[in-house]
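This report is an introduction for a reader who is meeting the structure for the first time. Please look over the sequence and the model before reading on.

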Amino acid sequence: MVNPKVLILRTAGTNCDQETAFAFKKAGGEVDLVHINRLISGEKKLSDYQILALPGGFSYGDDVAAGKILANELKYKLADDLKKFIQDGKLVIGICNGFQILVKSGFLPGNSELKQETSLIINDSAKFEDRWTYLKSQVTSYKSQVNCVWTKDLPEVIYLPVAHGEGKFICEKSVLGKLEENGQIVIQYCNQQGVLSGYPDNPNGSIKNIAGICDETGRMFGLMPHPERYIDIYQHPAGKFAALKSGRKEGDGFKIFQNGVEYAKKNL
């Protein structure tokens, strides 16, 4: 496959769809921005695509709770299509609001009943956190580690911006134990040295500093930070200085999109 087809799902309140589309195009994907009503009506078919991306924003104004309404639409109107999409070995990524949608629909961390097992709630700081954070991307503290498609070959510590008011990851101890045992904890908030630490390094108070998880296959990935906002080195807050110092052209977020597209090219 030369150009994997990527569906960027949007609805009222979505506002990071264009940036996400640009990131996938830069990585070599063929991108369509599709309103959810076009999927529900059958005008567009999820099966025609290899990658589904749920971008950031404030879907439906985050009424009820962040991402909850769109999560219900996925769960009660498109569940069969999405289950088939996943069973066919295709890829899903949810960024910020998209992560909230995946956990509140039950698709992450993943169970056949789509029972919600985790959530993302109001930050401990009780305010909107909009800044850059360090993330530990090679989590080696657990017995096993899922080979997450999206985070392959990332540096041990990456730097990405966050922008959310409801990003605190929570779950019951039994669910946390399962995530740890299965190696589904993919990225964690940390300090510049890669050490897990509290606020402000952990911007929301997430348990175990969890910033992103995957399903048991490693093909579905949800994260609160915004990789689409750092795909070019010049997007670094230090600007040209960072570019000259690193000698790189791409930002830390670009590899995530590149990984998804390359996997789809080879396997789908």
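## Overall form

Of the 268 residues of the protein, 55% count as buried. The model is a predicted one, and its secondary structure comes to eight helices and 11 strands. The radius of gyration is 17 Å, close to the 18 Å that the globule rule gives for 268 residues, so the protein is as compact as a globular protein of that length. Taken along the principal axes, the box that the C-alpha atoms fill is roughly 50 × 40 × 35 Å.

When contacts between residues at least 6 apart in sequence are considered, 76% of them join residues at least 24 apart. The accessible surface comes to about 11500 Å², and 48% of this surface belongs to carbon and sulfur atoms.

## Aromatic pairs

How many aromatic pairs does a search of the whole structure find? The search finds seven, and one of them is formed by F99 and F169, whose ring centres are 6.4 Å apart and whose planes stand at 15 degrees, so the pair is stacked. Since F99 lies in helix α5 (residues 97-105) and F169 in strand β8 (residues 168-171), the pair ties together parts that are 70 residues apart in sequence. F99 is buried, with a relative accessible area of 0%, and F169 is likewise buried, with a value of 0%.

The rings of Y134 and Y159 also form a stacked pair, because their centres are 4.3 Å apart and their planes are at 25 degrees, under the 30 degrees that stacking requires. Y134 belongs to strand β6 (residues 129-136) and Y159 to strand β7 (residues 157-164), so this pair ties together parts that are 25 residues apart in sequence. Y134 is partly exposed, with a relative accessible area of 23%, whereas Y159, with a relative accessible area of 16%, is buried. Both tyrosines belong to one aromatic cluster, which is formed by W132, Y134, Y159 and Y230.

## Lysines over rings

Aromatic rings also take part in arrangements with lysine side chains. K5 lies over the face of Y49, at 4.9 Å from the ring centre, while K26 lies over the face of F254, at 5.4 Å from the ring centre.

Which residues of helix α4 (residues 79-87) are buried? They are A79, L82, F85 and I86, and they cover an arc of only 125 degrees around the axis, which puts them on the same side of α4. On the other side of the helix, D80 and Q87 are exposed.

The cover over the buried residues of α4 includes β3 (51-54), α3 (68-77), β4 (91-95) and β11 (220-223), so that both strands and a helix are among the elements that cover them. After α4 comes G89, whose phi is positive, near 85 degrees.

## A loop residue

D63 has its place in the loop between β3 and α3, two elements that are also among those covering the buried residues of α4. Is D63 buried or partly exposed? At 47% relative accessibility, D63 counts as partly exposed. D63 and L114 are 51 residues apart in sequence, and their C-alpha atoms are 21 Å apart in space.

Note on methods. Residues numbered from 1 in each chain as written. Predicted model: local features only at pLDDT ≥ 70, side-chain atom pairs only at ≥ 80, totals over all residues. Heavy atoms only, no water. Phe/Tyr/Trp six-rings, centres within 6.5 Å; stacked < 30°, edge-to-face > 60°. Helix = DSSP H or I, 4+ residues; strand = E, 2+ residues; numbered from the N terminus. Buried < 20%, exposed > 50% of the residue type's maximum accessible area, 1.4 Å probe, protein only. Lys NZ or Arg CZ within 6 Å of the ring centre and 35° of its normal. Arc of directions from axis to C-beta. Contact = heavy atoms within 4.5 Å. Rg over C-alpha atoms; globule rule 2.2 N^0.38 Å. Areas by Shrake-Rupley, 256 points an atom, 1.4 Å probe, with all protein chains shown as cover.
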